[in-house]
Amino acid sequence: FSEGASLVAAVVPGIIIKSVGGSQNGPEQKTGYLIMALALGVIFGISWLMTFLGTREMEELPPVEKITLKTYASVFKNPAYRNFLGIFLSFQIAVDLVLALFIFYIDIVVLRYKSYEMIVGTLLVCSVILMVVMGALAKKKGKVFPLFIGIPTWIFSALMFISIDASTPLFVLFILAALIAVGSAAGNLATWSLLTDTYDIDEIRTGKRREGVYSGLTTFLRKFASGVAVLLLGYGLRAMGFDQNEYNLLKASTANFDPTAYAQSGVVMGIKWMFILIPIILLSICLFFAIRNKINKRRFDAVLKGISAFKEEGSLESLSPSELEDLLTAAGAEKDELWGGIQKQGSVNFE
């Protein structure tokens with residue numbers, strides 16, 4: 001649904017603006033922007049109202065647990081979560097930086113600014129379709145498996161951009177956008193679904209359910225890291241002599257915008273190599289952590305069985321030796337460290 005919404009957001013606003021204010025960027029499009037903003041505002045508002053009206057709270061809420069910085073810091077003791085962050089942050093930052101550079105690459109490097117919507121539309125449509133394929137693969141091979149297909153494919157497509165220039169046929173750019181979509185779909189599916197596994201692994205380690213702590217911290221780290229990365233990207237572009245404000249003004253005020261008249265050779269080459277090297281470096285990091293991932297379906301099933309055993313029996317005696325070994329590998333802990341150190345060695349005796 002997130003990918004589908006991205007597709008709509010990439011295409012529909014431009015259609016609304018141009019249908020009301022004309023195809024030329026400029027003051028004539030003010031009314032189009034206003035109508036677009038109102039239309040999307042209504043959609044967003046209705047969505048939140050539907051969520052609110054469809055939500056029911058528990059009648060007897062448990063006592064509110066105080067969340068401190070120490071609580072958030074404690075999640076880093078979970079080795080599965082640390083490895084997950086390596087996968088998640090490297091992939092998400094790669095996506096954010098590539099999307100931030102995409103329009104400049106299309107405009108200035110390959111001089112196809114009139115085809116930008118079609119190229120990015122191809123990427124997003126293919127991502128939505130391929131999410132279904134990657135989901136089927138994840139069910140059969142495990143949640144991390146799609147990364148071993150998608151990430152190398154995206155790296156390969158990034159390498160192909162080395163030979164791309166303004167003379168490259170448009171259909172080649174569509175093909176490369178579709179290849180990027182393979183990596184995008186695999187990464188989005190794997191990263192968000194792997195996060196939920198860390199909840200159960202944390203529960204077998206601590207004896208607590210802390211989805212909110214993990215989800216909140218992960219979202220914060222993702223936004224913070226991407227914000228810093230995009231900020232540094234902006235400084236990098238400026239250091240090369242690229243002034244985005246000047247560029248946007250020129251593009252909005254010129255009837256026949258010609259990117260070749262603006263782009264300097266240093267800017268062109270800088271954007272080109274940033275567009276190529278940034279995803280290759282970050283996706284290689286993502287692949288490294290994916291290879292180090294120890295949570296497969298068999299081990300995760302052992303974690304779930306261990307949680308049930310603790311709740312029902314107060315011990316892990318019902319697990320077989322192989323299941324116990326899988327559980328300890330997934331949890332990254334010793335037996336006596338599980339379930340909150342056996343609730344701090346209080347009342348449960350494994351032996």
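**Figure 1. Contact of helix H4 with helix H5.** In this predicted model, Phe-102, Ile-103 and Ile-106 of H4 meet Tyr-116, Ile-119, Val-120 and Leu-123 of H5. Contact means heavy atoms within 4.5 Å. The residues of this contact are 7 nonpolar, no polar and no charged. Here Ala, Val, Leu, Ile, Met, Phe, Trp, Tyr, Cys and Pro count as nonpolar; Asp, Glu, Lys and Arg count as charged; the others, Gly among them, count as polar. H4 covers residues 79-109 and H5 residues 116-141. Their axes lie 10 Å apart, at an angle of about 140°. Axes are lines fitted to C-alpha atoms, for helices over the stretch in contact; angles run from 0 to 180 degrees between N-to-C directions. H4 and H5 are therefore oblique to each other. Angles under 35 degrees count as roughly parallel, over 145 as roughly antiparallel, 65 to 115 as roughly perpendicular, and the rest as oblique. The crossing of H4 past H5 is right-handed. A crossing is right-handed if the near helix is turned clockwise from the far one by less than a right angle, and left-handed if anticlockwise.

Residues are numbered from 1 along each chain as its sequence is written. This is a predicted model, where local features need pLDDT of at least 70, side-chain atom pairs count only at pLDDT 80 or more, and totals for chains, interfaces and linings use all residues; side-chain values use heavy atoms, with hydrogens and water left out.

**Figure 2. The largest nonpolar core.** This core has 65 residues. Tyr-81, Tyr-105 and Phe-161 have the most contacts inside it. H4, H5, H6 (145-160), H7 (170-206), H8 (211-239) and H11 (265-292) each supply at least two of the core residues. H4 gives the most, with 19 residues. A nonpolar core is a set of buried Ala, Val, Leu, Ile, Met, Phe, Trp, Tyr and Cys residues joined through side-chain atoms within 4.5 Å. Buried means under 20% relative accessible area, exposed over 50%, and partly exposed in between (1.4 Å probe, protein chains only). Leaving out residues up to four places away in sequence, Tyr-105 touches Val-110, Phe-161, Ile-164, Ile-271, Lys-272 and Phe-275. Another core lies apart from the largest one; its 19 residues include Ile-204, Ala-302, Leu-316 and Leu-319.

**Figure 3. Contact of helix H7 with helix H12.** The axes of H7 and H12 (residues 297-313) come within 9 Å and cross at roughly 40°. That makes H7 oblique to H12. H7 passes H12 in a left-handed crossing. From H7 come Asp-197, Asp-200, Ile-201, Glu-203 and Ile-204. They meet Phe-300, Val-303, Leu-304, Gly-306, Ile-307, Phe-310 and Lys-311 of H12. By class, the contact holds 7 nonpolar, 1 polar and 4 charged residues.

Figure 4. Glu-28 sits in the loop between H1 (2-21) and H2 (30-53). Its relative accessibility is 56%, so Glu-28 counts as exposed. Ala-73 belongs to helix H3 (residues 69-74). Ala-73 is partly exposed, at 44% relative accessible area. Ala-73 and Val-213 are 140 residues apart along the chain, and their C-alpha atoms are separated by 9.9 Å.

**Figure 5. The protein as a whole.** The secondary structure comes to 14 helices and 0 strands. Helices (H or I, at least four residues) and strands (E, at least two) are DSSP runs, numbered from the N terminus. The C-alpha trace spans about 80 × 45 × 35 Å along its principal axes. Of the 351 residues, 43% are buried.
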